[in-house]
Amino acid sequence: MEAKPDKKASKEEVEKVAEEKAKPRIGYIHLSGCTGDGMSLTENYDILAPLLTDMVDIVYGQTLVDLWEMPEMDIALVEGSVCLQDEHSLHELKEVREKAGLVVAFGSCAATGCFTRYSRGGQQAQPNHESFVPIADLVKVDLAIPGCPPSPEIIAKTVVAVINGDMDYLQPMMDLAGYTEACGCDLQLKVVNQALCIGCGTCAMACQTRAVSMTNGRPEVNSDRCIKCGVCYVQCPRSWWPAERINKDLGL
């Protein structure tokens, strides 16, 4: 994940959203993707019921709310990458940035481009759509919730953390905001090659396409199966390495 954001949300910005609204207004925006992230949000009501009914107000969403004009929102969950040939999506994404306090890259397509990066046009519905990029390539992103799709648990915990101003929980997602290049090779370059891998196998268990396997206690990536979602690297317990906190604990 080498591409770093020009600007990302500060702790003060996230805390401001948490303080301003005890019951934040949430919007859901779907761009280019398979809608799996939206299904993770809406079809796991048994897990998300307290969140969706008691803790937030869902004020916008093409399939969730009967509303055509985008309102002001505290949090916008943006699913899917953005197609550069789709003027409507480009306009909608920019409008989201203007009207949302926090813009969240909701799922791997929005965060990294995921499998849409492989598109070369020719689709039956929109044959001219061929260039798809993560949303952070075009607008400032405050948080990134990884996953293909994200689990209901991480959705709920992220929103609750924003409400409570839990910066320790949100910090890794803030660090991921704007890091738009991901691949299974990150494990080799940034974990194994740095002598950080502990052979736990979390990366292999997290991979939805079975692109990661364990060989002699270390991850091995099948590039033909990898869809560049970044989930394996994000789920690795050694990928987020808070150097400042470690140095402080060690007195360095």
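Asp74 sits in strand β3, and Asp74 is buried, with a relative accessible area of 5%. Buried here means under 20% relative accessible area, exposed over 50%, and partly exposed in between, using a 1.4 Å probe and protein chains only.

A word on where this comes from, everyone. This is a predicted model, in which local features need pLDDT of at least 70 and side-chain atom pairs count only at pLDDT 80 or more, while totals for chains, interfaces and linings use all residues. Residues are numbered from 1 along each chain as its sequence is written, and side-chain values use heavy atoms, with hydrogens and water left out.

Now the overall picture. The protein chain has 11 helices and nine strands; these are DSSP runs, H or I of at least four residues for helices and E of at least two for strands, numbered from the N terminus. Of its 252 residues, 46% count as buried. Taking contacts (heavy atoms within 4.5 Å) between residues at least 6 apart in sequence, 76% join residues at least 24 apart.

On to the sheet. Five strands, in the order β2-β1-β3-β5-β7, form an open sheet with parallel pairing. The edges belong to β2 (57–61) and β7 (143–145); each has a single partner strand, so one side of each is left without a neighbour in the sheet. From one strand to the next, the twist averages 25 degrees. We call two strands paired if DSSP finds at least two bridges between them.

Let's walk across it. β1 and β2 pair in the parallel sense over four bridges, with Tyr28 opposite Gly61 in β2. β1 also pairs with β3, again parallel, over five bridges, and there Ile26 stands opposite Ile75 in β3. Then β3 (residues 73–79) and β5 (residues 100–106) pair in the parallel sense over six bridges; Leu77 has Val104 as its bridge partner in β5.

Which helix lies across β1, β2, β3 and β5? That is α4 (residues 87–99), running at about 135 degrees to β5. For such angles, axes are lines fitted to C-alpha atoms, for helices over the stretch in contact, and angles run from 0 to 180 degrees between N-to-C directions.

Next, α6. Helix α6 (residues 152–164) has 13 residues and reaches 18 Å from its first C-alpha to its last, close to the expected 18 Å; that expectation is 1.5 Å times one less than the number of residues. Its buried residues include Ile154, Ala156, Val159 and Ile163. Just after α6, Gly165 takes a positive phi of about 65 degrees.

Ala49 and Ala156 are 107 residues apart along the chain, and their C-alpha atoms are separated by 9.6 Å. Ala49 counts as buried too, at 19% relative accessibility.

Last stop, the cysteines. How many disulfides are there? With a disulfide taken as a pair of cysteine sulfur atoms within 2.5 Å, the count comes to zero. For Cys229, the nearest cysteine sulfur is that of Cys114, 5.0 Å away. Cys229 is buried at 13% relative accessible area, and Cys226 counts as buried at 12%. Thanks, all!
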